[in-house]
Amino acid sequence: MTLEELFYLHNQTIFKYLYYLLNDEKLAEDFTQETFTRFLHYEKSIKAGAELAWLRRTARNLAYDHYRRKRLIQFVPFLQGHEEQEPISPHQWLLQQEEAKALYLAIRQLKLSYRDVIILRKIEGLSIQETCDVLGWNEGKVKNTLKRALAVLQKQLGGDWDD
Amino acid sequence: MTKEKTWQHLRELAPTKQQQNNMLREIRLSKKATSWKISAVSLLFIAVLTILALSFLQTPLDIATTTDEAKEIAKIYVRDNDKQDRFLAKASCLYVVAQKCYKNQDVLLQFQQAMATAKSPPPMSLVLKQDVLIVYTDGTQEQWKVAGRYMTNIHTQQVIQLEQPVSSLLFVFRDQMQLLLGYGFLFLSHFILWITKHKVPHIKRRAFAANVEHMIANGVMLLLFAILLATVYFLTATLHAFWIYGAFIIYSTMQVYYRKKAGEPRIYILACALNQLCIGLAFTILFFVY
């Protein structure tokens, strides 16, 4: 598979994951680019068929490194700058629906580990095992964290969110 | 709108076509720019270790060529050797195992005074256990065989009796600053790893190896180096610093290579290189500077 094919196949997945993890469209774009640049660099050492898992892990490492540098691992403030972007941007597209906007804003207020597991399980649609592989957690931890994350999410959404 | 549709809306998020094209263009550019590059960290690491190794392998050029009557001892090389018919000590401080190199001025002065005041003992049979090679400041050398307080010159067969055993005269007392510096580098190597682990907590479990491939490579390398050093020692009855530095440089370079290959954070690769450098410097100061 050529780089172009791989990029067009997976860039949406990686961008989406980074976007929800970082809450910043520009950063998500930069880190998606960096993830594929690194893939290009380490391409020979990556097994065929394991490309997406490698891309996800690298994207996650980049995001966590970013948070460590910014010392924002537990709390990410609301970024007003998002509201001023071009109407055609993915962010604006996302906020066009009121309920999706409320859900997105609730997710972004979750702590990082809750957000991570919600993105992978509910948005990416990964299985428990796949989530374990990406996060490096065991099955019990994934299930428990997801349960707690959904409970917090429901509380933030006013208690009427039945999922 | 149902809850599932709301989740679905979040799932459909995607970068615009323009964003995708921009990213792909930058990735292609980075490919062209980096295809020939060697990492600055690796380059610096290799350069520093190479200079370090070469500085020890070069031959000194300032050997005195004129004879000085008031000559002084410049260096003493002592080597354990039970073979009565062979003199094995070599005039080099780079033989690390089985030979010691003394350059400390206090030790040399003390040894010279002891030789000057030595007595001539009555004839006796001695079991000579050590080679002592003395190099004077004018470049001349003397080869002695030693047994406790007795020294026999292997060329003139002259025997002298010192007031104290040679081993006590050559008792190694090192410069406190050098000791501090040596152990300082050892401490620094640990401190670098500690601070890096604190900074990048997720690498805590990868101190020895970044992944299974790296672990196997480390195991194979350590085994090969052990076999290599043992073979050189058994063949030459000594171990030159070249072999130790060579093995250490290869091992250190491989650490950086495998960690880069495994995609370790840049800060940890840098810490790994600095850690190896500190260990190399500590070894140099503690084993080569007497």
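**Entry 1: the interface.** I began with the interface of chain B and chain A, where the rule finds 10 residue pairs in polar contact, both residues at pLDDT 80 or more; such a contact is a pair of N or O atoms within 3.5 Å, and within protein one must be able to donate a hydrogen and the other to accept it, while residues adjacent in sequence count only if both atoms are side-chain atoms. I noted that this is a predicted model, in which local features need pLDDT of at least 70, side-chain atom pairs count only at pLDDT 80 or more, and totals for chains, interfaces and linings use all residues. Residues are numbered from 1 along each chain as its sequence is written, chains are lettered from A in the order in which they are written, and side-chain values use heavy atoms, with hydrogens and water left out.

I then looked up salt bridges (a side-chain nitrogen of Lys or Arg within 4 Å of a carboxyl oxygen of Asp or Glu), and the count between chain B and chain A is zero.

**Entry 2: the area.** Between the two chains about 3600 Å² is buried, with 63% given by carbon and sulfur atoms; this is the accessible area (1.4 Å probe) that two parts lose on being put together, summed over both. Of the area that chain B buries against chain A, B:Trp7, B:His9 and B:Leu13 supply 22%, more than any other three residues.

**Entry 3: a helix.** Because 10 of its 12 residues (112–123) are buried, α6(A) is largely enclosed by the rest of the structure; buried means under 20% relative accessible area (1.4 Å probe, protein chains only). Among the buried residues I listed A:Tyr114, A:Arg115 and A:Asp116. Just after α6(A), I found A:Gly125 with a positive phi of about 75 degrees.

How values were computed. Buried < 20%, exposed > 50% of the residue type's maximum accessible area, 1.4 Å probe, protein only. Helix = DSSP H or I, 4+ residues; strand = E, 2+ residues; numbered from the N terminus.
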